[in-house]
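Student: I am new to this structure. Could you walk me through its helices and charged pairs?

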Amino acid sequence: MAAHYNVLFLCTGNSARSIMAEAILNYKGKPTFAVYSAGSHPSGKVRPEALQELERARLPSAGLRSKAWDEFSRAGAPELHFVFTVCDSAAKEVCPIWPGQPMTAHWGVPDPAAVQGTAEQIERAFRDAFFILDRRIGLFLSLPLASLDGLALKREVDKIGRP
């Protein structure tokens with residue numbers, strides 16, 4: 001595989017999980033990875049709880065925004081190497097044709113934005129989602145991408161998303 005990789009994290013609303021994943025991998029994977037996130041039906045805003053988790057982890061959040069996945073299927077979009085869905089809804093949708101025929105995997109994470117309850121319960125849901133994503137991204141970063149053949153790499157990225 002290439003020495004530089006473009007990664008897209010997808011979710012329905014692109015307001016929490018995919019945003020946190022974008023920030024985590026952009027920070028931990030630089031300069032090898034350029035990371036983006038998008039949604040099939042973007043909410044148009046990033047959840048403040050997601051930004052709080054990034055701040056708590058001391059990860060940059062400037063420039064993060066909720067955007068449609070169409071941005072990454074148009075002419076001139078970055079050629080993607082990996083596309084990961086992080087919510088079950090987006091995994092079941094018909095995705096656009098991505099330039100470059102990227103490797104895809106589903107890394108489903110419970111939706112913290114759907115949690116209702118006390119402020120502490122909501123904060124816990126966002127923290128749990130952050131830690132799941134952080135752990136999975138750590139496993140992804142530990143893969144010897146350049147030395148795995150396509151089938152072995154697909155098996156490994158799929159395995160990361162299994163509970």
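**Helix packing and salt bridges**

Tutor: The axes of α2 and helix α4 (residues 119–142) come within 10 Å and cross at roughly 60 degrees. Axes are lines fitted to C-alpha atoms, for helices over the stretch in contact, and angles run from 0 to 180 degrees between N-to-C directions. Helices (H or I, at least four residues) and strands (E, at least two) are DSSP runs, numbered from the N terminus. This is a predicted model, where local features need pLDDT of at least 70, side-chain atom pairs count only at pLDDT 80 or more, and totals for chains, interfaces and linings use all residues. Residues are numbered from 1 along each chain as its sequence is written, and side-chain values use heavy atoms, with hydrogens and water left out.

Student: How are α2 and α4 placed relative to each other?

Tutor: Angles under 35 degrees count as roughly parallel, over 145 as roughly antiparallel, 65 to 115 as roughly perpendicular and the rest as oblique. The axes of α2 and α4 cross at roughly 60 degrees. The two helices, α2 and α4, are therefore oblique.

Student: Which residues of α4 does α2 meet?

Tutor: Contact means heavy atoms within 4.5 Å. From α2 come Glu49, Ala50, Glu53, Leu54 and Arg56, and on α4 they meet Ile122, Glu123, Phe126, Arg127 and Phe130.

Student: How many residues in the contact of α2 with α4 are charged?

Tutor: Asp, Glu, Lys and Arg count as charged; Ala, Val, Leu, Ile, Met, Phe, Trp, Tyr, Cys and Pro as nonpolar; the others, Gly among them, as polar. The contact of α2 with α4 has five nonpolar residues and no polar ones, and its charged residues number five.

Student: At what angle do α1 and α4 pack?

Tutor: The axes of α1 and α4 are 9 Å apart. This pair, α1 and α4, is therefore oblique as well. The angle is about 40 degrees.

Student: How many salt bridges does the structure hold?

Tutor: A salt bridge is a side-chain nitrogen of Lys or Arg within 4 Å of a carboxyl oxygen of Asp or Glu. Lys67 and Glu22 form one, at 3.7 Å from N to O. The total is 11.

Student: How many residues apart in sequence are the parts that Lys67 and Glu22 tie together?

Tutor: Lys67 lies in the loop between α2 (48–56) and β3 (82–85). Glu22 sits in helix α1 (residues 17–28), so the pair ties together parts whose separation in sequence is 45 residues.

Student: Are Lys67 and Glu22 buried or exposed?

Tutor: Buried means under 20% relative accessible area, exposed over 50%, partly exposed in between (1.4 Å probe, protein chains only). Lys67 and Glu22 are both buried.

Student: What separates Asp158 and Lys154 along their helix?

Tutor: Asp158 and Lys154 form a salt bridge, with the closest N and O atoms 2.9 Å apart. Asp158 is partly exposed at 23% relative accessibility, and Lys154 is partly exposed at 29%. They are four residues apart in helix α5 (residues 150–160), so their separation is about one helical turn.
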